[in-house]
Amino acid sequence: MSGEYDDLKRRMDGAIAAFKHDLASLRTGRASSNLLDAIQVQAYGTSMPINQVANVSVPEPRMISVSVWDKSMVGAVDRAIRESNLGFNPIVDGTNLRIPLPELNEQRRKELVKISHGYAENARVAARHVRRDGMDFLKKAEKDGDISEDDQRKRSDQVQKLTDETISTIDHLLSDKEAEIMQV
């Protein structure tokens, strides 16, 4: 069961990691290099993530800098950023693109909070699925005679405790992100 518990823990941690990644892609008032992670650039006849054709950095709290490695790719990177529906308008300066982040209005902040709540609910559902799998495994093990009823109860409590901790972590991350979004 120790291996099974470790697998459940790994899967719960995976739900948290996916949630953190989703939150990092949300634009708050502050610049983050993660904001451009989803952008794909048409380069050399294929679609590539932006970080494979340029360095993305954050020189100031409200500015993202993209330093394109190949001069011939500047136009493609600029186009990909403009067409990404993130609302960015890069300023091209040689092989560098500067992306100023505009202030978020109240309505957009509320939309971002709603989106982050959706991400949190998806993460909670993922954690509950892992819990269900763990409980099913324990019930089957007891039914097959592999573990006693007392063991099954004790291990079920461990799985529930792990689930509660995971959901608590998700809720804590959500409240931190919400505060960051609403900060003017």
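**Cores and sheet of the predicted model**

In this predicted model, the largest nonpolar core holds 23 residues. Val41, Val66, Val77 and Ile81 touch the most other members of this core. Four elements each supply at least two of its residues: strand S1 (40-43), strand S4 (63-68), helix H2 (74-82) and strand S6 (96-100). H2 gives the most, with 5 residues. In general, nonpolar side chains of soluble globular proteins tend to be buried together.

Leaving aside residues up to four places away in sequence, Val66 touches Leu36, Ile50, Ala54, Asn55, Val56, Val77, Ile81, Thr95, Asn96, Leu97 and Ile99. Another core lies apart from the largest one. This other core has 13 residues, including Phe19, Ile170, Leu173 and Leu174.

The sheet comes next. Strands of a sheet pair through backbone hydrogen bonds, either parallel or antiparallel. Here, 4 strands form an open sheet, in the order S3-S4-S6-S5. Their pairing is antiparallel. Strand S3 (54-60) and strand S5 (91-93) stand at the edges. Each has a single partner strand, so one side of each is left without a neighbour in the sheet. On average, neighbouring strands of this sheet are turned by 25° against each other, direction ignored.

S3 and S4 run antiparallel and are joined by 5 bridges. Glu60 has Met63, in S4, as its bridge partner. Helix H2 lies across S4, S5 and S6. The helix runs at about 15° to S6.

Terms used
Residues numbered from 1 in each chain as written. Predicted model: local features only at pLDDT ≥ 70, side-chain atom pairs only at ≥ 80, totals over all residues. Heavy atoms only, no water. Core = buried A, V, L, I, M, F, W, Y, C linked by side-chain atoms within 4.5 Å. Buried < 20%, exposed > 50% of the residue type's maximum accessible area, 1.4 Å probe, protein only. Contact = heavy atoms within 4.5 Å. Pairing = 2+ DSSP bridges. Axes fitted to C-alpha atoms, helices over the stretch in contact; angles between N-to-C directions.
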